[in-house]
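Here are my notes on the model, as numbered points. Have a look at the fold first, then read on.

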Amino acid sequence: MSERTTDYDDGRAGPYDHTRWDDEPESPPEPADIDEARENVLDGWPASPAPPDAGTEPPPAAPLAPDETLVGPEPLAAPASDEPLAELDAVAEPEAPSPEPEPELEEPAPAAAAEHAPGLLAVPPGYAVLEGEPNGSRRAVGVVVSRFNGDVTSRLLESALDELERVGVARDAITVMPVPGAFELPLAAMALAKTRRFACIVALGCVIRGDTPHFEYVAGEAASGLQLAALETGVPVAFGVLTLESEEQVEARLGKGAEAVRTALEMADAFANLRAAAAV
């Protein structure tokens, strides 16, 4: 590397020149010099050489080579323990309280399904209407009742007899025919209807579901047999047989005895009005 010179006003030559280079620029510092400068910075000492003597200008910074980049000092080492920093973080950012779990809402018990929709039948005006009423005057009624599940059928019979008395059917006009079970109800109802002594028949029984298909067979045959007895004889037969899932459902359905009585008497009255209308 050629020596740099400068001319002062008094003709003296100096070792520094910031305006002119006699030859190629000075090469960049070696990596060892950079490491030494970095260590000086970390030790608190300046990385640059001592300033020149008074009366001389500081040397210009050496230009960087095209591929060279400035290398800064290494970051300061982390403290030996990060416990103080953790304490500061704990003070600066308090831990958010954990959200309280929402209380679990109990699902409401499903409401019992309604057995029928409310409301009354409305017949538009202008039409001839032939209907009956649950009128028991001057009518004889036959009642067939199952002895099976006797505690339930006894209460059904009591409900039916009370209703018959309420609507005006005399006791001597009522015939009660007990049978072994619900399966025998259709045959007994048809036998009573064929005598032509009764205006209507009321069938009472109780079938409770068990562990076998017995329930389906008995309940189905009782319903279809009672319907067949009415169709074969033309005498109204009311279905007052309880078909229950369990014995706990009995109390809410004991009124089916009285309901069957009203159904039978209304159909008997409607048939009587039909015969009267047809005779005119």
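1. Let's start with a loop residue. Asn149 sits in the loop between β3 and α3; helices here (H or I, at least four residues) and strands (E, at least two) are DSSP runs, numbered from the N terminus. Its phi is near 55 degrees, a positive value in a residue that isn't glycine. Most residues other than glycine have a negative phi. Asn149 counts as partly exposed, because its relative accessibility is 25%. The cut-offs are under 20% relative accessible area for buried, over 50% for exposed and partly exposed in between (1.4 Å probe, protein chains only).

2. A word on where this comes from: it is a predicted model, in which local features need pLDDT of at least 70, side-chain atom pairs count only at pLDDT 80 or more, and totals for chains, interfaces and linings use all residues. Residues are numbered from 1 along each chain as its sequence is written, and side-chain values use heavy atoms, with hydrogens and water left out.

3. Now the overall layout. The chain holds six helices and six strands, and along the sequence they follow the pattern β-β-α-α-β-α-β-α-β-α-β-α. Of the 280 residues in the chain, 26% are buried. Take the contacts (heavy atoms within 4.5 Å) between residues at least 6 apart in sequence: 76% of them join residues at least 24 apart.

4. In α3, look at Ser159. Ser159 is buried, with a relative accessible area of 17%. Leaving out residues up to four places away in sequence, Ser159 touches Leu254, Gly255, Gly257 and Ala258.

5. Which residues of α4 are buried? They are Leu185, Pro186, Ala188, Ala189, Met190, Leu192 and Ala193, which makes α4 mostly covered, with seven of its 10 residues buried. These buried residues pack against β3, β4, β5, α5 and β6.

6. On the strand side, Met177 in β4 is worth a click. Met177 is partly exposed, at a relative accessible area of 31%. Setting aside neighbours within four places in sequence, Met177 is in contact with Val143, Val144, Val145, Ala188 and Leu192. The C-alpha atoms of Met177 and Ala188 are separated by 7.7 Å, and the two residues are 11 apart along the chain.

7. How do α4 and α5 pack? α4 (residues 185-194) and α5 (residues 214-233) make an angle of about 15 degrees, with their axes 8 Å apart. The two helices are therefore roughly parallel to each other, a label for angles under 35 degrees. The residues of α4 that meet α5 are Leu185, Pro186, Ala189, Met190, Ala193 and Lys194. On the α5 side are Glu221, Ala222, Gly225, Leu226, Leu228, Ala229, Glu232 and Thr233. By class, this contact has nine nonpolar, two polar and three charged residues, where Ala, Val, Leu, Ile, Met, Phe, Trp, Tyr, Cys and Pro count as nonpolar, Asp, Glu, Lys and Arg as charged, and the others, Gly among them, as polar.

8. Last, another positive phi: just after α4, Arg196 takes about 60 degrees, although it is not a glycine. Arg196 is in the loop between α4 and β5 and counts as exposed, at 59% relative accessibility.

Definitions and conventions
Axes are lines fitted to C-alpha atoms, for helices over the stretch in contact, and angles run from 0 to 180 degrees between N-to-C directions. Angles under 35 degrees count as roughly parallel, over 145 as roughly antiparallel, 65 to 115 as roughly perpendicular and the rest as oblique.
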